[in-house]
Amino acid sequence: MSDSLVRLGDIVGFLGRIMLQVPRALLRFQLIVDQVYNAGALSLVIVMLSGLFVGMVLGLQGFELLQRFGSEQALGTAAAIGLVKELGPVVTALLFAGRAGTALAAELGLMRATDQLSAMEMMAVDPIRRVVAPRFLGGVIAMPLLAAIFSMIGIYGAQLVGVQIMKVDAGSFWSQMRASVHLIDLNEGIVKSCVFGVACSLIAVYEGYHAAPTAEGVGAATTRTVVTSAVIVLFLDYLITAFFL
Amino acid sequence: MRKSRAMNLGTGLFVLLGFAALFFLTTQTTNRGVSFHSEPHYRVTAKFDNIGDLKVGAPVSMAGVEIGRVVGIGFDSRDYKAVVAMNLNAKYNQIPTDSDASIYTQSLLGGKFVGISPGGAETYLKNNDQIAFTQSAFVLENLIGQFLANFGKSSDHSKSAAGAGGQVK
Amino acid sequence: MNQTSAIIEIRDLSYAVGGRTIFDKFDMDVARGRVTAVMGPSGTGKTTLLRLITRQVRADSGSIRVAGAELGALTHAEIFALRRRMGMLFQNGALLTDLSVFENVAFPLREHTRLDERLIRNLVLTKLQAVGLRGAAELGTAELSGGMARRVALARAIVMDPEILIYDEPFVGLDPISKGVVLRLIRRLNDALGLTSILVSHDVHEIASVADAVFLLSGGKVVAHGTPQELQSFPSEVVKQFVGGLADGPVPFHYPAPDYYGQLLARDGAP
């Protein structure tokens, strides 16, 4: 237990080091753009596919449940709120940790194992500024965008099942949604995805940077990235949800 | 470098898609997209005996058309009434001062909202006015209590109450 | 060697890690403009010495002066400034895998200078020419053999025209031809560019052909130093075993173990 707390403290300390280097890292904008591509664009396929299927399931389950109360028209509301407030940010974060997070951790771990980071220090280049910060920023920028895409495609999926297949009235689907979903719900979702972005990116670069310089070390780092990210995301999810209530 | 152009293109498309999704979510899923509070509005209050579960952000309608939002809910400890503050869209500035405000329910699973029925006065509500005539929220427990009190036998009549409630949509 | 001043002076250096003493009141001088070799059995801390000189790790006590500056007293920024005057060749090259050969060599220039793109190009190609790899400029790191990777790393190490060049085990895993190439480069660069070269290796043969001075480390201290020729005839068992490549001597052949016959017999008796 105390080990975990110590690690948590280390991770937060690492965040401090990264933040100090962010201003200078921003000067090399191309590096950040490359990392947004690695973290975001390359995750698009899995995020969009998952969003579609999650939305479709939401449409099915939501319809079945609401039908018991005779409130199928509320399907739009249910799907939109479920996705925007919870499923979008959380599922995207978990997918991100699995795809982009592990890639980041493995890449940094390998750079550590092949002395590339030491070489950089030797060449008087701060690896945090040159390598870690751009990857961190890439993840932070990509996450909210991925979550928004997930939610959008999810709503489309719910609409596909609800309106096209289950014959819920399209007008009610959208108008009830518009009436009941407030900007604050969207804000809650955006805040969540931003916070999750920071958390997942931070954990991934931390584990990779501090990996033991062996094959097992890199493997362990990627595993820890996914596990730690998942736990932290779900915990933060509760905190933020409670905060907004 | 060779890879850069394709990567930048991919990143640009991704970011564009992301912002398009955000735009979609903001405009297509929430009410009116643009935050209501950015349009000019004026503020009125109303006191109720019971607001039920009326929430801040609930709509204020007249003749079924949304004309404003609930922005604050307070409690007056002198006359033990709930004070509801509402922002009304400045476009609708011809609401008679003797109109009444009631709390309705949107649907079986829907939330409460404030409905305003026009009165006949020739003066209109202005900023910081109070609506004098109000009708409290419909509270399901009270209705069931009434049924139980009037009809005596519990099981048949909670079933009929539920049946009546279920058909109301 | 008496006239040239020492560019690196180490006095009374002590350093321990995890309870193990690696250096114990260690002294060493590296002469300016010469090729100095640091040798010793595996595990004596040769690579650690390099990390102490570049201050990637800090000594527990003692003094390390590089180009007149006391390492322990320098700030982070000053260390970084000092490192720009040093070049280091890592054991496996340590090229950045996401960059091409050209970009790897250009890396220090891009990070530390604001030179014009044409100037960078000329500098990079010049350094690649010096190591014989100008034609490989557009290759990716995955396409290089071990020897080629090390040469690219060497080009990168000299691109900022350092005063001190450090080689960490540069001959490991190379075929004879590549070894010859690296040897030639070490000598040529040192003399042509007026560098001071520090070579960490345990290849006695290769060292002998290229080093001006040799330090032999064992047990955290310098057990012998001098020219390669002096070391061949140095009156010490440790030196003789190392230089001669003898299997047994002060560094024993057998790992510590209980009595041989006792262990065999015990196995027979027990069920």
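Student: Which residues have the most contacts inside the largest nonpolar core?

Tutor: In soluble globular proteins, nonpolar side chains tend to be buried together. In this predicted model, the largest nonpolar core has 158 residues, and those with the most contacts inside it are Cys200(A), Val105(C), Val152(C) and Leu199(C). Helix H6 of chain A, residues 127-165, supplies the largest share of this core, namely 21 residues. A second, separate core has 21 residues, among them Val44(B), Ala46(B), Ala58(B) and Ala137(B).

Student: Which residues does Val152(C) touch, not counting residues up to four places away in sequence?

Tutor: With those sequence neighbours set aside, Val152(C) touches Gly93(C), Leu95(C), Val101(C), Asn104(C), Val105(C), Leu133(C) and Leu144(C). One of these, Val105(C), is also listed with Val152(C) among the residues with the most contacts inside the largest core.

Student: How is a single helix read, for instance H9 of chain C? Which of its residues are buried?

Tutor: One asks which way the buried residues point. In H9(C), residues 237-244, the buried ones are Val239(C), Phe242(C) and Val243(C). These residues lie on the same side of H9(C) because they cover an arc of only 90° around the axis. On the other side of H9(C), Glu237(C) and Gly244(C) are exposed.

Student: Let us turn to the contacts between chains. How many residues of chain B are in contact with chain A?

Tutor: There are 23 residues of chain B in contact with 28 residues of chain A. On the chain B side, helix H1 (residues 2-29) gives the most, with 14 residues. That side divides into ten nonpolar, twelve polar and one charged.

Student: How many residues do chain A and chain C each give to their contact?

Tutor: Chain A gives ten residues and chain C gives 13. The chain A side consists of five nonpolar, three polar and two charged residues.

Note on methods:
Residues numbered from 1 in each chain as written. Chains lettered and ligands numbered in written order. Predicted model: local features only at pLDDT ≥ 70, side-chain atom pairs only at ≥ 80, totals over all residues. Contact = placed C-beta atoms within 7 Å. Helix = DSSP H or I, 4+ residues; strand = E, 2+ residues; numbered from the N terminus. Nonpolar A, V, L, I, M, F, W, Y, C, P; charged D, E, K, R; others polar. Core = buried A, V, L, I, M, F, W, Y, C linked by C-beta atoms within 7 Å. Buried ≥ 20, exposed ≤ 12 C-beta atoms within 10 Å, placed from the backbone. Arc of directions from axis to C-beta.
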